[in-house]
Amino acid sequence: NHSTNQMQAFSFFLIFFLGCVIVAIYLLRWFQRQQAQDALMWQPIPRSEDTYTLLPKRIQEEKTRYDQTKASTDDKKVLASALMKRAMGDVAVIMPFERAGEGIVRAKQKGFVPDSDWIAFIQAQQFAMAESVELRGEAEFLREGWGEVIIAQAVQLVLAGQQRQMEQEEKQRQEKERLRAQVQAEKQKQAEEQEKKLQAEKQAKQAEKIAQQLIQEEQNQKKKTK
């Protein structure tokens, strides 16, 4: 009985130990998957003209163009048009920045964002916020109440422009596909015609060969009868 109890205790311990190992492996794999997902979550914005490192420069360019117009005229209609162009230029570069912002913050908490990128991100964020305040103030000065809606209007115009561009690109893609299919069909047609021509020439040669053989056989037959 004592030996049986020891075996049962050992079996229980072994089952418990194996269960703990299985749970530990499962938790380790889950943690690794979470780490991989977090790493993929942060997609650094490509080092191009749309990066957050150059975002302040892009916004400053829009501001400079507006300031040049403002220095040359007092016409509020002209200034309103120039300010809307400035707002649309700002929105076009800030929208992708804001979309990436939440992922960058989470990735920073996980330690996936280099300090240099994080500092550039914070500086760009501050610059964008300051531009928003200035833009709203300028719009309110030109037209009462406009400051509350100018950015929303700019977003709508930018999205509409992007939609038109996507539709135009889709039309161009479809046209290229149509032309490609047309060229492919023409090549196929030419290949089929060439194949028919070769077959016809082959058949003609075979017919000529058979005719020559028949003529030769006929001549041989005549020689035999003489």
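The lining of the largest pocket divides into ten nonpolar, two polar and four charged residues. Here Ala, Val, Leu, Ile, Met, Phe, Trp, Tyr, Cys and Pro count as nonpolar, Asp, Glu, Lys and Arg as charged, and the others, Gly among them, as polar. The model is predicted; local features need pLDDT of at least 70, side-chain atom pairs count only at pLDDT 80 or more, and totals for chains, interfaces and linings use all residues. Residues are numbered from 1 along each chain as its sequence is written, and side-chain values use heavy atoms, without hydrogens and water.

The largest pocket holds about 260 Å³ of space. Of its 16 lining residues, Ile94, Glu98, Ala128, Ser132 and Ile151 are the closest to its centre. A pocket is an open set of points on a 1 Å grid over the protein atoms alone where a 1.4 Å probe fits, with protein on both sides within 12 Å along at least five of seven lines; lining residues have an atom within 4 Å of a point. Helix 3 (76-110), helix 4 (115-142) and helix 5 (150-225) each supply at least two lining residues.

The protein has five helices and zero strands. Helices (H or I, at least four residues) and strands (E, at least two) are DSSP runs, numbered from the N terminus. Of the 226 residues, 20% are buried (under 20% relative accessible area; exposed is over 50%, partly exposed in between; 1.4 Å probe, protein chains only).

Val23 is found in helix 1 (residues 2-41). Val23 counts as partly exposed because its relative accessibility is 46%.

Notes: Grid points are joined across faces, edges and corners, and a volume is the space filled by probe spheres set on the points.
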